[in-house]
Every structure is written in structure tokens, then in C-alpha cells.
Amino acid sequence: MVIVIFVLVLWYGGLFFQSFFLHRYAAHQVFTMSKTMERITFVLTWIFQGSSYLSAYGYGIMHRMHHAYTDTEKDPHSPSYDDNLFAMMWKTKTIYQDINDQRVEVDQKFTKNVPQWAAFDKFAGSRFSRLLWITFYVLVFVYFATAWWQWLLLPVTFLMAPIHGVIINWFGHIYGYVNYKMKNTSKNLFRFDFLMMGEGYHNNHHRHASRANFGVKWYEIDMTYLVIRILDAVGIIRLKPIRIKE
């Protein structure tokens with residue numbers, strides 16, 4: 001039971017900071033926060049994403065490119081131009097690293113106001129940091145695992161962020177339903193997104209990219225947005241005015 005709880009904490013903790021910080025803040029900037037809070041959130045993202053830590057700078061730029069080039073050859077991750085999900089994951093990894101390490105020139109429209117803490121990213125995304133987290137995960141399993149099948153969850157802890165990404169960027173463009181017909185393949189994976197904390201409402205998000213709440217229908221409860229509302233109410237962040245595309 002300890003192992004299951006541990007994996008669930010990593011799943012939902014890492015997912016929350018990917019959705020809250022990397023996606024809604026870094027890429028879309030649907031709310032603001034102080035510089036101090038931004039730095040704290042960088043650290044919390046590292047703690048919960050661990051060995052699969054993603055830079056807000058690299059993620060934010062790549063995600064903006066995804067919206068600008070959805071389902072075209074320039075899309076950093078699209079099932080329409082990759083043979084399988086592993087090919088897409090490798091392509092995404094390569095583009096992310098090139099952007100984050102500034103090995104490629106990026107149009108300024110994609111870099112505007114994207115948060116960056118280069119020194120911390122260099123440490124958090126280093127091989128040393130990733131190996132440190134992997135060692136910690138293995139030790140937790142050695143100490144607490146009580147059945148052979150629990151060890152099957154260990155690789156999930158290593159690759160948590162890429163797994164979250166592939167669920168949305170691959171399956172979220174193939175399976176599900178649509179509320180809005182658009183010139184892309186984005187779909188809503190679940191009527192109630194219990195698995196991805198609101199990220200599964202991908203079709204809604206592509207229609208209203210600057211909207212903090214990814215849910216549209218009454219039953220489309222966006223759990224990340226509920227936390228955002230609480231953080232806004234207590235003054236930790238400030239939601240920007242809602243802009244809805246008709």
C-alpha cells in the first residue's frame with residue numbers, strides 16, 4: 001500500500017505542477033505570481049517531477065509552438081506526423097532539449113515572458129539530479145515493496161512527466177469526444193477527468209487556450225483549476241481576466 005500511495009503522490013503531484021506551472025503559467029500565463037513564488041514553484045516542480053523534471057522555459061516555448069502549428073509538420077508533437085507514440089516522444093525530447101539548451105533559434109513570439117531560471121534548470125535537469133532521484137525511488141521500493149507486481153510501477157516513477165505528456169499529446173489527439181470542431185485533431189479524453197486533473201479536456205483547451213478553466217460542460221470538472229481558484233482567493237497568485245473565444 002505504501003508503494004501505491006507513493007506512486008500516486010508522484011503522479012498527481014508531478015501532474016499538478018506540470019499543469020499549473022509549466023502549462024497554465026509558463027506557456028499561457030493565465031495568472032501571475034510574485035518572483036519569490038515563481039522560484040518556490042520551480043523548486044516544488046523539481047521535487048514532484050524528480051527524475052523527469054521539465055524546464056518551464058523549454059516546456060513553455062515548445063507548448064506555444066504546439067498551439068501555433070497544431071497537426072502540421074512544425075508541431076513538436078503530433079500523431080499526424082509520427083508513426084507511433086515512441087517516435088513522437090523521442091522527437092518531442094529532442095526539440096525540447098534543443099530549445100532548453102538554446103541550440104536552435106526561436107521566434108521571439110514564443111519566448112515572450114516565459115519564466116526562466118537557467119542556473120536552477122541546469123542543476124535540476126542534470127544527470128546528477130536525475131540519478132539522485134532515481135536512486136531515491138529505488139531505495140523506497142527496496143524498503144517498502146511487499147509484492148513483485150509493485151516493482152512494475154518503478155519505471156513509471158522514472159518517466160512520470162513524459163508519460164503525462166504522451167497521454168495528452170498522443171491519445172488526446174486520437175481518442176475522445178469534441179465540443180468544438182476545429183482544424184486540428186484535439187479531443188477531450190474524459191467526461192470527468194479524474195486521471196489528468198483537467199489536462200484531458202484537450203479539445204476545450206485548444207479552443208480556449210487563454211482560459212484558466214479547461215472544463216466547459218457542467219460535468220467537465222477541472223481539478224487543477226479548483227486549486228488555482230483557491231490560490232487566487234488567498235492571494236498566492238492572481239488570475240487574469242477571462243478571455244473566451246466565441
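What should the 15 residues of helix 2 span at 1.5 Å a residue? I got 21 Å, and the end C-alpha atoms of helix 2 are 21 Å apart, which agrees. I keep in mind that this is a predicted model.

**Helix 2, its buried side.** I listed the buried residues of helix 2: Glu 38, Thr 41, Phe 42, Thr 45, Trp 46 and Gln 49. Seen down the axis, they fall within an arc of 140°, so they line one face of helix 2. I then checked what covers them, and found, among others, helix 1, strand 1 (31–33) and helix 3 (56–68). Just after helix 2, I noted that Gly 50 has a positive phi of about 55°.

**Helix 1 against helix 2.** I looked up how helix 1 (residues 2–27) meets helix 2 (residues 35–49): their axes come within 8 Å and cross at roughly 145°. The crossing is left-handed. On the helix 1 side I found Phe 17, Phe 21 and Tyr 25 among the contact residues, and on the helix 2 side Phe 42, Leu 44 and Phe 48 are included. By class, this contact has 10 nonpolar, six polar and one charged residues.

**Helix 4.** Next I turned to helix 4 (residues 85–100), whose 16 residues reach 22 Å from first C-alpha to last, close to the 22 Å expected. Which residues of helix 4 are buried? I found Met 88, Thr 92, Tyr 96 and Ile 99. They cover an arc of only 65° around the axis, which puts them on the same side of helix 4. These buried residues pack against helix 3 and helix 9. On the other side of helix 4, I saw that Phe 86 and Trp 90 are exposed.

How values were computed. Residues are numbered from 1 along each chain as its sequence is written. This is a predicted model: local features need pLDDT of at least 70, side-chain atom pairs count only at pLDDT 80 or more; totals for chains, interfaces and linings use all residues. Side-chain values use heavy atoms; hydrogens and water are left out. Axes are lines fitted to C-alpha atoms, for helices over the stretch in contact, and angles run from 0 to 180 degrees between N-to-C directions. Helices (H or I, at least four residues) and strands (E, at least two) are DSSP runs, numbered from the N terminus. A crossing is left-handed if the near helix is turned anticlockwise from the far one by less than a right angle, and right-handed if clockwise. Contact means heavy atoms within 4.5 Å. Ala, Val, Leu, Ile, Met, Phe, Trp, Tyr, Cys and Pro count as nonpolar, Asp, Glu, Lys and Arg as charged, and the others, Gly among them, as polar. The expected span of a helix is 1.5 Å times one less than its number of residues. Buried means under 20% relative accessible area, exposed over 50%, partly exposed in between (1.4 Å probe, protein chains only). The arc is that of the directions from the helix axis to the C-beta atoms.
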